[in-house]
Amino acid sequence: MLEIGMNLAYLAAAILFILGIKGLTRPKTAVRGNMLSATGMFVAVAVTLLDNSIVSFELIIAGALLGGAIGAVLAKKVQMTAMPQLVAVLNGFGGGASLGLAAASYLQTLGGAGFAEGALGTITLITIALTVIIGSLTVTGSLIAFAKLQEIMPGQPIGFPGMTGFNALLLIGALASSVMLAIDPTNTLYFWLAIGLAAVLGLTLVLPIGGADMPVVIALLNSYSGIAAAFAGFVMGNTVLIVSGSLVGASGLILTNIMCVAMNRSLPNVLFGRMGADTGGEGAGDEIYEGKITSASPDEVGMLLETAQKVIIVPGFGMALSQAQHAVRELADAIERNGGEVLYAIHPVAGRMPGHMNVLLAEAEVPYEKLVEMERINPQFDDCDVAIVLGANDVTNPMAREDKGSPIYGMPILNVDKARTVVVIKRSLSAGFAGLPNPLFALDNTLMVFGDGKKAVVDITTALENG
């Protein structure tokens with residue numbers, strides 16, 4: 001009877017997870033979705049604790065309190081600009097937890113002479129090996145992603161000739177170790193070898209990836225952590241862990257595909273770390289642009305906006321870096337009070353993680369219906385009076401549409417250059433994450449406003465209101 005009750009509770013938890021994920025797809029329902037998912041996790045944990053094999057409730061409670069305290073501090077202290085780094089670390093934690101579960105199951109059985117008694121079958125052993133491979137790869141890959149996003153290490157691709165072949169050898173070696181472990185489970189060398197090779201593979205997969213491709217990497221690592229959790233669920237015989245891990249893994253793969261399409265890359269490119277070639281660098285000057293760079297002051301832009309009937313704001317990482325989302329909302333309010341219409345053009349990979357701009361603008365209470373996806377906003381640039389680009393570089397680069405020799409050729413971009421006037425707010429003419437100059441800066445209809453993003457937006461709003 002208890003087992004039936006536990007299974008029903010697990011089913012309820014799984015339904016709450018599904019409803020929670022559905023709620024997270026829209027800002028208006030995101031809070032409710034988060035609460036539903038949290039409730040589902042609470043139910044799953046509470047029911048799991050009814051298992052007779054639980055060794056120590058004291059340790060579990062201590063771990064929950066410690067983890068909860070760390071999570072509360074992170075929620076309070078971590079700025080929105082650092083959210084991509086936090087997501088990368090949390091992906092690593094998820095993979096590490098699955099790795100720990102599988103390792104504990106294997107070592108516990110080994111210590112109890114369970115293999116001689118046939119306690120773990122061949123399928124279970126292979127599942128353990130796959131869990132530790134994916135979990136280990138996720139941990140090290142997430143650490144490299146965090147280090148690049150946090151600028152602890154260079155964001156440019158790091159690699160060596162033949163790295164793809166080296167990665168393939170690492171993967172083959174890890175899988176071969178898994179097979180050998182299933183044949184001879186008492187030989188721990190195969191177990192540790194699978195972990196070690198996978199850990200190195202995680203490093204060499206992410207090192208060659210440049211900063212421009214980090215949204216794809218984060219989505220993929222999120223999927224890896226879910227897949228590892230699902231495998232850990234098979235090892236532990238825990239239904240809700242299988243379901244929740246499968247949901248995370250599947251949704252992560254779907255999101256990865258969306259990111260790949262937005263970056264004009266294929267999934268094999270992501271898997272084998274052949275992304276983001278560095279073709280340029282910081283500090284690009286006027287001399288690399290064909291045409292004249294026209295700078296403007298905030299007062300001049302304010303005068304321009306006085307007569308603008310339709311304004312499209314294009315947010316990028318520059319907005320996140322300067323924490324200008326609230327200032328942007330105030331500028332939009334001022335334009336609307338002056339009789340203009342304001343929309344926000346959202347590129348799928350703007351920023352450093354999927355949905356980065358949506359999260360920042362939602363924090364500033366920008367109405368969701370004003371956030372327009374790339375496919376729907378691009379046709380509207382033709383009748384746009386002013387497009388304001390705030391720190392979005394690569395996703396507005398016309399080279400992706402016009403230069404067949406460019407590394408980003410074919411990547412879908414926001415067609416801001418079609419607007420009557422383009423205002424680019426940027427600290428300098430430096431290249432973006434892809435390391436490429438942006439010809440948009442030198443177009444006849446482009447005005448450059450140099451300086452801190454937040455200060456520039458505030459000054460433009462002041463000029464508009466005092467005009």
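A salt bridge is taken here as a side-chain nitrogen of Lys or Arg within 4 Å of a carboxyl oxygen of Asp or Glu. The structure is a predicted model, in which local features need pLDDT of at least 70 and side-chain atom pairs count only at pLDDT 80 or more, whereas totals for chains, interfaces and linings use all residues. Residues are numbered from 1 along each chain as its sequence is written, and side-chain values use heavy atoms, with hydrogens and water left out.

The structure holds 9 salt bridges. One of them joins the side chains of D383 and K310, with an N to O distance of 3.3 Å. D383 lies in the loop between α15 (374-377) and β4 and K310 lies in strand β1, so that this pair ties together parts that are 73 residues apart in sequence; helices (H or I, at least four residues) and strands (E, at least two) are DSSP runs, numbered from the N terminus. Accessibility is described as buried under 20% relative accessible area, exposed over 50% and partly exposed in between, with a 1.4 Å probe and protein chains only. On this scale K310 is buried, with a relative accessible area of 9%, while D383 is partly exposed, with a relative accessible area of 42%.

A salt bridge is also formed by the side chains of R427 and D452, at 3.0 Å from N to O. R427 belongs to the loop between β5 and β6 and D452 to the loop between β6 and α17, so the pair ties together parts that are 25 residues apart in sequence. R427 counts as exposed at 57% relative accessibility, and D452 counts as partly exposed at 28%. The side chains of E402 and R401 likewise meet in a salt bridge, with an N to O distance of 3.0 Å, and R401, E402 and D417 are linked in a network of salt bridges.

Strands β1, β4, β5 and β6 belong to an open sheet of 6 strands, arranged in the order β3-β2-β1-β4-β5-β6 with parallel pairing. From one strand to the next, the twist averages 25°, where axes are lines fitted to C-alpha atoms, for helices over the stretch in contact, and angles run from 0 to 180 degrees between N-to-C directions. Two strands are regarded as paired if DSSP finds at least two bridges between them. By this criterion β1 and β4 run parallel and are joined by 5 bridges, with I388 in β4 as the bridge partner of I313. I388 also stands opposite V423 in β5, and 5 bridges join β4 to β5 in a parallel arrangement. A further 5 bridges connect β5 to β6, again in parallel, and here I425 stands opposite V449 in β6.

In β5, 6 of the 6 residues are buried, so the strand is largely enclosed by the rest of the structure. T421, V423 and I425 point one way from β5, while V422, V424 and K426 point the other way, and all are buried. In a regular strand the side chains alternate between the two faces of the sheet.

Helix α11 (residues 298-306) contains the buried residues V301, G302 and L305. Viewed down the axis of α11, its buried residues fall within an arc of 105°, so they line one face of the helix; the arc is that of the directions from the helix axis to the C-beta atoms. The face of α11 turned away from its buried side carries the exposed residues D299 and M303. The cover over the buried residues of α11 includes β1 (310-315), α13 (325-337), β4 (386-390), β5 (421-426), β6 (446-450) and α17 (453-466), where contact means heavy atoms within 4.5 Å.

In another part of the sequence, S136 is placed in helix α5 (residues 122-149). S136 is buried, with a relative accessible area of 4%, and, not counting residues up to four places away in sequence, S136 touches L99, I195, A198 and A199. The side chain of S136 reaches the backbone oxygen of I195 at 3.0 Å, a polar contact being a pair of N or O atoms within 3.5 Å in which, within protein, one must be able to donate a hydrogen and the other to accept it, and residues adjacent in sequence count only if both atoms are side-chain atoms.
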